[in-house]
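Hi,

Here is the structure I said I would pass on. Have a look at it first, and then read on for what turned up.

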Amino acid sequence: MAENALERTSRALDLIPFVAANPGLSIEELAIKFESTPSQIFKDLEMLFMCGLPGYTHLELIDMELEEDYVAIRNPQNLDKPRKLSRIETTSLTLGLDLLIPLIGDEELKRKAVDLRGRFTALLNEEAEPIATVIQGEAKSIGEVDVVIAQALAHQTSLEITYRSASTDEISTRIISPISTYLERDHLYTIAFCSKAGEERHFRHDRILSVKATEVSEQSKRERPARSVEKPDLLVVTAVLSPRNRYFLEAHNSIVESVVSHGSDLLATFSVGDYEWLLRELLALPGRVEVLGPPEFTKEFYGRLDAVLSQYR
Amino acid sequence: MSESGLQKSERLINLTMALLASRRYLTKAEIFRSVEGYSGTPETMERMFERDKNDLRDLGLEIEVGSEDPLFEDEAGYRINPKRYSLDIGDLDQTELALLSLAANQWQNSLFSKSGQRAIRKFESIEGLQEPVSLALPFMKSEIPAKHFALLWDAVESRKELVFTYHSLQSTKRRIAPYGLGLHQGYWYVIGLDLDKSEIRNFKIARIDSDLTAGKKSGAFERPVDFSLSKYFDRKDHENEEQRAVLNIRVGKAQEIRVAAAIQPFNDDWDRAEIAYSSKSELFELVAKSLTSAIIVDPAPLRDDFVQWMKEKRHG
């Protein structure tokens, strides 16, 4: 059996009310919507043609128009309404709202989200302790920077920011055109085109010291490249780390090429474009950090380590 | 002869429709007589029906069992109450649907992302497809996808014990009774009773090895009635008391420290920063990242600890 009969039944029960509410979609559009294949959806619909209420005359069967580019239900019988949400479906929404609510600055929108969360929580058995939960760290609240960026995103305008860079410990002023905002490990970031760098950069909101709306000339808008495709030269760095630093490797898995056991420690290989950033991060790790290469990076690492320690002599 | 999946799905849908349509409890005999797809000997049909009933319950359908005649209770009948079958969440406006769509779209783990999309399709089965509304809110990247997530969800829900190798400072075999799952700063944790240590512990799912197995037996343990996931983490979050340190930081440098500290001018080259901290390692990380632009001045034991902490890099 190519597919579990239960999966097919579940999808078919959901297809009927969906098609009834959205007549005229093609088989392919339905396949995309239901994360399935066109041939699977076609088989489901053909099967549903044969289903109905006891009696099974043309009056009791599910009736539909079935063409490749046009599907409509003429009579869904008693399957016109969607099934209630499962516990996992409800949880995926309530926890999603839990993550979202602290990030909403607009009071009216926030009230709506909180109200929705309440309505969906009521669908779960109130007596039962939840299976999963979002553990909020420090209570996040939306600050002025976040609100100004959200407005710039909504109206597609540009901003002038003063920004402190973590990798260079410097403050700079830049004109940025926000593209999108995301949350990663409790920090908000905005991806924006940066006129100073001439390419897309990620800006962490709590490192933006000031922000104001600004006009960007049509000239500079035209000069903006569509997307930066060139990647900086990547440096491959190898280091032995104490297992206490497992969290660091997990948090930066996009630059970690490999991790293997090395006695009781871990041997990690990084591939990184921002060397200065990695130097500072490695110096700030606890326990053993032994940089093995490349030679210029190793020299820089131990030179900095000695310089820090020399201040305490 | 074994039936095809298609035949089975067809019968399950016919059975669902018949049970939904009936205002009274349908006896098995009535079901076998009227619902298309049941055939063979009485024993065969009986077995088919038992399996079908369990399958529909696995799909989340509530099949009520009852009898029309209280004098003949053994003649049980079955039906599905339409009110308990269909989704009833009231009206949802365009903004609410956009909020729900955003909530459903953020998940990286396939269990929640697929479930979220199924939920959205159900709303679209009531309200119809909607024009996208932009709420100018951040899109989520707040979850690192966790392997084994579906297995862990099932183990918590069905109360099955878990056995796995856990990689922390050492790699050790653990046996736990899982009480719940928690998402904290992007990472999923499973919280449960460590059966060998008899203590409630949390385990970062990213550190659980692929040798994870769940016991076959459902209901293998009881979760303590007073256990609460949110209270468990609340307690852990307030373990450390806040302390203060005094640092010298170079004028115009150590920007990360400046944001968190009270700053006074000290001399031409240095400012003095007083900073509150609750985690020594977080403070050391901040100072180390500032390289030669920050020096711990006071208290002296903290200064000594920092020097030791930096030296550990060479010697482990």
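This is a predicted model: local features need pLDDT of at least 70, side-chain atom pairs count only at pLDDT 80 or more; totals for chains, interfaces and linings use all residues.

Most residues other than glycine have a negative phi, and most peptide bonds are trans. Glu35(A) has a positive phi, near 50°, without being a glycine. You'll find Glu35(A) in the loop between α2 and α3 (38–49) of chain A. Is Glu35(A) buried or exposed? It has 12 C-beta neighbours inside 10 Å, so Glu35(A) counts as exposed. Leu291(B) is another non-glycine residue with a positive phi, here near 55°, and it sits in the loop between α10 (280–289) and β13 of chain B. With 20 C-beta neighbours inside 10 Å, Leu291(B) counts as buried.

One joins Gly293(A) and Pro294(A), with omega about 5°, and Pro294(A) is in the loop between β12 (289–293) and α10 (295–310) of chain A. Another joins Asp298(B) to Pro299(B), with omega about 0°; Pro299(B) belongs to the loop between β13 (294–298) and α11 (300–315) of chain B.

Now for the overall layout. Chain A is split into domain 1 (5–75), domain 2 (87–121), domain 3 (144–223) and domain 4 (235–310). The centres of domain 1 and domain 3 of chain A, taken over C-alpha atoms, are 47 Å apart. For chain B the division is domain 1 (5–85), domain 2 (88–141), domain 3 (149–235) and domain 4 (243–315). There, 30 Å separate the centres of domain 2 and domain 3, again over C-alpha atoms.

How do the chains meet? On the chain B side, 97 residues are in contact with 90 residues of chain A. Helix α1 (residues 5–21) of chain B supplies the largest share of that side, 13 residues. By class, the chain B side has 45 nonpolar, 30 polar and 22 charged residues.

A helix worth a click is α6 (residues 110–127) of chain B. Its 18 residues should span 26 Å at 1.5 Å a residue, and the end C-alpha atoms are 25 Å apart, which agrees. Its buried residues include Phe112(B), Ile120(B) and Phe123(B), as well as Arg118(B) and Lys122(B). What covers the buried residues of α6(B)? The cover includes α1 (5–21), α2 (27–33) and α4 (87–100) of chain A, along with α5 of chain B. After α6(B) comes Gly128(B), with a positive phi near 80°.

In soluble globular proteins, nonpolar side chains tend to be buried together. The largest nonpolar core here has 54 residues, and among those with the most contacts inside it are Leu100(A), Leu100(B) and Ile205(B). Helix α5 (residues 94–104) of chain B gives the most to this core, seven residues. Apart from this core lies another of 38 residues, including Val272(A), Leu279(A), Ile249(B) and Ala273(B).

Last, some strands. In chain A, β5 (residues 171–184) and β6 (residues 187–194) pair antiparallel over eight bridges, with Leu183(A) opposite Leu188(A). β6(A) is also joined to β7 (residues 199–204) by six bridges, again antiparallel, and Tyr189(A) is partnered with Arg204(A). The β6(A)–β7(A) hairpin has four residues between its strands, and Gly198(A) there takes a positive phi near 75°.

Chain B has an open sheet of three strands in the order β1-β3-β2, with antiparallel pairing. Because β1 (26–27) and β2 (64–66) of chain B are at the edges with a single partner strand each, one side of each is left without a neighbour in the sheet. β1(B) pairs with β3 (residues 77–79) over two bridges, and Thr27(B) stands opposite Gly77(B).

Happy browsing!

Terms used:
Residues are numbered from 1 along each chain as its sequence is written. Chains are lettered from A and ligands numbered from 1 in the order in which they are written. Two strands pair if DSSP finds at least two bridges between them. A nonpolar core is a set of buried Ala, Val, Leu, Ile, Met, Phe, Trp, Tyr and Cys residues joined through C-beta atoms within 7 Å. Two residues are in contact if their C-beta atoms, placed from the backbone, lie within 7 Å. Ala, Val, Leu, Ile, Met, Phe, Trp, Tyr, Cys and Pro count as nonpolar, Asp, Glu, Lys and Arg as charged, and the others, Gly among them, as polar. Domain bounds come from an automatic or database domain assignment. The expected span of a helix is 1.5 Å times one less than its number of residues.
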